[in-house]
Amino acid sequence: MSATGIGASVKRKEDIRFITGKGHYVDDINRPGQAHAYFVRSPHAHATIDKIDFTEAAKMPGVVAIFTGDDIAKDKIGGLICGWAITSKDGTPMKAGAHPALAHGKVRYVGDHVAIVIADTYAQAREAGEKIEIDYGVLPAVTDTATATQPGQAQIHDVAPDNKIYNWHLGDQAATDAAFKAAKHVTKIDLVNNRLIPNPMEPRAAVGEYDSGSDSLTLYTTSQNPHVTRVVMSAFLGIAPENKLRVIAPDVGGGFGSKIFIYAEETVCIWAARKINRPVKWTSDRTEAFLSDAHGRDHVTHAELAVDANGKITALRAHTIANLGAYMSTFSSAVPTYLYALLLSGQYNIPHIHAEVDAVYTNTAPVDAYRGAGRPEATFVVERLVEVAARELGRDPAEFRRANFITSFPHQTPVIVNYDTGNYGAALDKALALADYKGIAARKAASAAKGKLRGIGFSAYIEACGLGPSRAIGSLGAGVGGWESAEVRVNMVGTVEVLTGSHSHGQGHETTFAQLVAGRLGIPIENVNIVHGDTDKVQMGMGTYGSRSGAVGMTAISKALDKVEAKAKKIAGHLLEASEHDIEFKDGKFTVKGTDKSIDWVSLSLSAYAAHKFPTDEVEPGLKESAFWDPANFTFPAGVHICEVEIDPQTGVVTIERWTAVDDFGNLINPMIVEGQVHGGIAQGIGQALLEGAVYNKDGQLVTASFMDYTMPRADDLPSYHVDTVSTPCTSNPLGLKGCGEAGAIASPPAVINAITDAVGHENVSMPATSQVVWRAAQKAITKRAAE
Amino acid sequence: MISVSMTVNGKAVSAQVDPRTLLVQFIRENLRLTGTHVGCDTSQCGACVVHVDGRAIKSCTALAASLQGAHVTTIEGVAHDGKLHPMQQAFQDNHGLQCGFCTPGMIMTSIDMVNRLGPSLDETTIRHELEGNICRCTGYHNIVKSVKQGASEMGASHAKAAE
């Protein structure tokens, strides 16, 4: 391993600009003559728009233009789309209601976009916005996930009677039910996977610009996937043809899924820029982010696990109601279906699985992928079920898991996916040792002596990453492919630009991708630049989500490097007067096998462009190659996280005493960055388990719409983490990468809840397990213990 | 409009601004120093922390007009002579940042923490002191390590300067 190649904890190249304040985030961009946008949003969860009067507002100082849904409709701008078609159990397609970029006739959640006010300054736009008079006909609101489809509820979209979007299922129901009938023991649980608000620290922002000379548009936007934004805005919304629309996603301050989607504000800004022939800038404030960024999770689930007389799991069944909010966001339909039910086998050999999912509309913000997207929800179901089953059967939870682990690979689950490789026992062994599981009884006793409750919780999670094999996902309803593209451009002096369709918004691609290239070509890492986030520069791309940038994005780069190497060998053959097949490439040098004849990388690069010494009718000049990589399978990162908590029963305060994570991500490019990804994921998962929860009241007002009301994990809420790895390299990509971005967020919520329920001795603890929730649970435990 | 004059990163600056202009708006929009970020509207997140007369403040909580004559340091002003401040270097060394958005505020808060509490800081103190700065990426583990290293190196360079 070289100091900067694959496997080295290279310090990040991109850090210098971030630690010196020289990053370029969208809100840092200002275009000549720009005007500023303010969005007038609905204060009601559900209402008809009876009249909009902006006569007074239009006269306010600095106002340039005011547009409403009528203007969008007049220009035939299409509605925002959901790009994954789900078919219901009865064969009918999902019922997607129209989602105009500015509300037309009706608003469906608090924060829904009613008008855009554009003025010379933001303050002027906002002041004018407050003068707009809108008559609303307020309708009853639907906000509760579990009861959204019950008779008598308000109807949100005409196309979706009873607010039902789809009733989808997966697996063999009859075989699963038969296995339950034959079971020795059945564990049943009811779970709520609490609704979360992603809250990347950088709020969304957009600057739309129109160039009348070329009749083309440029959108600077906070996106995880600028090419997808471009194709949706072109092909579905009709903003401009793709060749006339440039989308630039510069430095992006975190996404966690929430910046995958194509939103109303960005769409309206770029559309309006052409209307007024001036750049239009909008930056979300945090309250707007709470109201209108797509939220995550929000499942209500009943799940059951069947176990035979030998303690083997024989079947799992789950019924889930998934709240998709007021409109179907870009990927929303896939999250509670294919990103959820496909993972219900967990790390276990479960012969029969059946899942049924009802997706429902409510008068709340759209819900879509948030870190893990469906997989945390699946893991919460599986790992709570397994934990509770072990407890009910009087089995050690670690050993009950081990007894049911899948041990031979490849393994075909009953829910579509085929796990290529893994070693779940090895991760468990290592985690048990690191967590000092043997000492837990003594530590529980020591806590009890202080009047505290101590508990330990396991989570043996799995996820499917590297989305994904195009034919497979296409057959499941995906509207796009799952490939990634790369171009490796060798300059005349041997420095290299890599243009990638992946997008970095904290993951450190400028470093990890450069490690791959520097290692392969034997050149200094400083000589490699990674270019991403600009549709005019980068050929094509699907963007970054679901830990696809390593397994898919880097493999595309690797494939392009293969082509570069092959061509360079041809040129070297001519230069060294040898057959290309006799050329070896190592450490930046091309050598004729068995001789001392060689040429270095820089000279070869120069020769490739000088083109003096090889026949250009046989070998084209230049050294630049591109590749598309379409994966053959998903990747399956897995691991074991162990959480140990101490609870003060007087206050309900939960202290995480130890966190042990042993993950299998296959091969690692940069262990330092991988650890950082795990830390961040765990923090978001602990946030979900203990602190975070979006709350709508029954009128549909979001009562957790600021950092004062929605509890973001802060430094003193969290522990330090003990993070380690085992490795079974992935077999479906040549680099052996599985991906690490979501692991922590997927693993941690059940680990925390399993620890708390272990401590209090009963299962009735919901997320977020705030001090109040835990205090009540602890009192129940104490009362029960006293009675016994 | 109202006239505002202050010193920012050692340079005298002045401008005519709307009296409602917050310090962070003055820094970002008038001076185009965009390293100071805005992450919320309730003074909770700390992405906008700068130093005013040597003390860390959230620049979204102060009106520019109230800081007539003040000495302000932003993230752009902490490196000197082409050399990173030890706290900046510590954040890179320990992978104390991912997306980088909260980082300027984190660094400014951390430098202030060391200025107030000295260079030997334990984990509990660091975590408590970072309470006003939110990071969504790192889970804080590596930020805590960064602050520890930055603090001890600030201590060492002070000691060296005193010799």
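1. A crossing of two helices is left-handed if the near helix is turned anticlockwise from the far one by less than a right angle, and right-handed if clockwise. Here α9(A) passes α10(A) in a right-handed crossing. Helices (H or I, at least four residues) and strands (E, at least two) are DSSP runs, numbered from the N terminus.

2. This is a predicted model, in which local features need pLDDT of at least 70, side-chain atom pairs count only at pLDDT 80 or more, and totals for chains, interfaces and linings use all residues. Residues are numbered from 1 along each chain as its sequence is written, while chains are lettered from A and ligands numbered from 1 in the order in which they are written.

3. Start with the helix pair named above. Helix α9 (residues 375-392) of chain A packs on helix α10 (residues 397-404) of chain A at about 115 degrees, and their axes are 9 Å apart. That makes α9(A) roughly perpendicular to α10(A). Axes are lines fitted to C-alpha atoms, for helices over the stretch in contact, and angles run from 0 to 180 degrees between N-to-C directions. Angles under 35 degrees count as roughly parallel, over 145 as roughly antiparallel, 65 to 115 as roughly perpendicular and the rest as oblique.

4. Which residues make this contact? From α9(A) come Val386(A), Glu387(A), Ala389(A) and Ala390(A); α10(A) gives Pro397(A), Phe400(A) and Arg401(A). Two residues are in contact if their C-beta atoms, placed from the backbone, lie within 7 Å. By class, the contact of α9(A) with α10(A) has five nonpolar, no polar and two charged residues. Ala, Val, Leu, Ile, Met, Phe, Trp, Tyr, Cys and Pro count as nonpolar, Asp, Glu, Lys and Arg as charged, and the others, Gly among them, as polar.

5. Helix α10(A) has another partner. Its axis and that of α11(A) come within 10 Å and cross at roughly 165 degrees. That makes α10(A) roughly antiparallel to α11(A). This crossing is left-handed. Ala398(A), Arg401(A) and Arg402(A) of α10(A) meet Gly425(A), Leu428(A) and Leu432(A) of α11(A).

6. Look next at Thr421(A), in the loop between β17 (418-419) and α11 (424-434) of chain A. Is Thr421(A) buried or exposed? Thr421(A) is buried, with 20 other C-beta atoms within 10 Å. A residue is buried if 20 or more other C-beta atoms lie within 10 Å of its own, exposed if 12 or fewer, and partly exposed in between, with C-beta atoms placed from the backbone. Leaving aside neighbours within four places in sequence, Thr421(A) is in contact with Phe409(A), Thr728(A), Cys730(A) and Thr731(A).

7. Helix α12 (residues 440-449) of chain A lies largely in the open, because the number buried of its 10 residues is zero.

8. Chain B holds an open sheet of five strands, in the order β2-β1-β5-β3-β4, with mixed pairing. Its edge strands, β2 (11-17) and β4 (55-58) of chain B, each pair on one side only. Two strands pair if DSSP finds at least two bridges between them. Strand β1 (residues 2-8) of chain B pairs with β2(B) in the antiparallel sense over seven bridges.

9. Finally, the contact between the chains. Chain A gives 42 residues and chain B gives 44 residues. On the side of chain A that touches chain B, the largest share, seven residues, comes from α17(A).
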